[in-house]
Amino acid sequence: MSKRIDVKDLNVYYGNFRAVEGVNINIAARSVTAFIGPSGCGKSTFLRTLNRMHEVLPGARVEGQVLLDGDDLYGPGVDPVAVRSHVGMVFQRPNPFPTMSIRDNVLAGVKLNGKRISKSDADELVESSLLGANLWNEVKDRLDKPGSGLSGGQQQRLCIARAIAVKPDVILMDEPCSALDPISTLAVEDLINELKEKYTVVIVTHNMQQAARVSDKTAFFNIAGTGKPGKLIEYAETTTIFNNPKEKATEDYVSGRFG
Ligand SMILES: Nc1ncnc2c1ncn2[C@@H]1O[C@H](COP(=O)(O)OP(=O)(O)OP(=O)(O)O)[C@@H](O)[C@H]1O
């Protein structure tokens, strides 16, 4: 079930370094939101706070709230592992388990969560997840072959199938197409468009055409200089950010006048 995300006054730290400052953002359920901005402005750092991946690094912490349909992910007693099963993540480089079969790759997250499922339920879940990731037709005759035998684009869709299989509410994607060729990129972008019917999708991308193609809303982050924290500068409908932004910094960035 897709859920909304409301972030309140979030500061994100690596030790004493405040990498991201004062983010407030409201992300609707069943939508695609793109995070854009120059290198080092904290897009990936902020993204990883949305499923508590940030804090796996020693000394990394946050202040503020991240609410998923009103429930604070950082509230007392909340289990970060449970959070990550509600908020899935797809990374820059496709990372299927190389020696595992395609089938077992799809089921990997479900098994990690300690769920026991029957063979027939597993078969159904594998099929529905691969269908959901637009990969079923390409792999249905070789489910027992290793995931590493797929093309980069297919591997990325396999990782998306693995994320979908745990039935998350939100899917976070950190530059999911940066290692893919243009055809595979289009396949993943088409898929992102379909995913928003069921999930809340948040994507970090350096590719502004991609942000314009896939997202409903865009958040522009910026940084005042090295060692300064990244900040959310402007957040609006994607067409507004690209055609009629309010802030000069946004306009400079989207029109390529940055730096
Ligand atoms: N593990 C880490 N330890 C300490 N500082 C870090 C760590 N990871 C990132 N940072 C710092 O946090 C800031 C934000 O980095 P982040 O990777 O989130 O930016 P980004 O906008 O995603 O950049 P890019 O577009 O280059 O991926 C940078 O100053 C970076 O050097």
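A term to carry along: a residue is buried if 20 or more other C-beta atoms lie within 10 Å of its own, exposed if 12 or fewer, and partly exposed in between, with C-beta atoms placed from the backbone. Helices (H or I, at least four residues) and strands (E, at least two) are DSSP runs, numbered from the N terminus. What you have loaded is a predicted model, where local features need pLDDT of at least 70, side-chain atom pairs count only at pLDDT 80 or more, and totals for chains, interfaces and linings use all residues. Residue numbers start from 1 along each chain as its sequence is written.

**Stop 1: the whole chain**

Show the protein chain as a cartoon and you'll have 10 helices and 10 strands to look at. The C-alpha trace spans about 55 × 45 × 30 Å along its principal axes. For 259 residues, a compact globule would have a radius of gyration near 18 Å, and the chain agrees at 18 Å (taken over C-alpha atoms; the rule is 2.2 Å times the number of residues to the power 0.38). Colour by burial, and 44% of the 259 residues count as buried.

Contacts come next: two residues are in contact if their C-beta atoms, placed from the backbone, lie within 7 Å. Among contacts between residues at least 6 apart in sequence, 70% join residues at least 24 apart.

Now select residues 5-248. UniProt, in an unreviewed entry, gives that range the feature "domain: ABC transporter"; such annotations may be inferred rather than shown by experiment, feature names are shortened, and positions follow the numbering used here. The span is 35% helix and 27% strand, and its end C-alpha atoms lie 27 Å apart.

**Stop 2: the ligand**

Which residues come nearest to the ligand? Of the 13 around it, pick Tyr14, Ala19, Ser39, Ser44 and Thr45. (A residue is near a molecule if its C-beta atom, placed from the backbone, lies within 6 Å of it.) Strand S2 (17-27) and helix H1 (43-49) are the elements that give two or more residues to this shell. H1 supplies the largest share, 3 residues.

Colour the shell by type and you get 5 nonpolar, 7 polar and 1 charged. Here Ala, Val, Leu, Ile, Met, Phe, Trp, Tyr, Cys and Pro count as nonpolar, Asp, Glu, Lys and Arg as charged, and the others, Gly among them, as polar.

**Stop 3: Asn11**

Asn11 sits in strand S1 (residues 5-14). This residue is partly exposed, with 16 other C-beta atoms within 10 Å. Leaving out neighbours within four places in sequence, the contacts of Asn11 are Arg18, Val20, Glu21, Gly22, Val62, Glu63 and Gly64.

**Stop 4**

Select residues 152-165, helix H6. Buried or exposed, for most of H6? 13 of its 14 residues are buried, so H6 is largely enclosed by the rest of the structure.

Step on to Lys167, in the loop between H6 and S7. Lys167 has a positive phi of about 55° although it is not a glycine, and with 17 C-beta neighbours inside 10 Å it counts as partly exposed.

For another positive phi of about 55° at a non-glycine, jump to Asn134. Asn134 lies in the loop between helix H4 (119-132) and helix H5 (136-139).

**Stop 4: the loop from S7 to H7**

Glu175 lies in the loop between S7 and H7 and is buried, with 21 other C-beta atoms within 10 Å. Phe91 is 84 residues away along the chain, yet the two C-alpha atoms are separated by 6.8 Å. Beyond four places in sequence, Glu175 is in contact with Gln92, Val204, Thr205 and His206.

Cys177 is in the loop between S7 and H7 too, and counts as buried with 25 C-beta neighbours inside 10 Å. Cys177 touches Thr185, Val188 and Gln210, not counting residues up to four places away in sequence.

**Last stop: helix H7**
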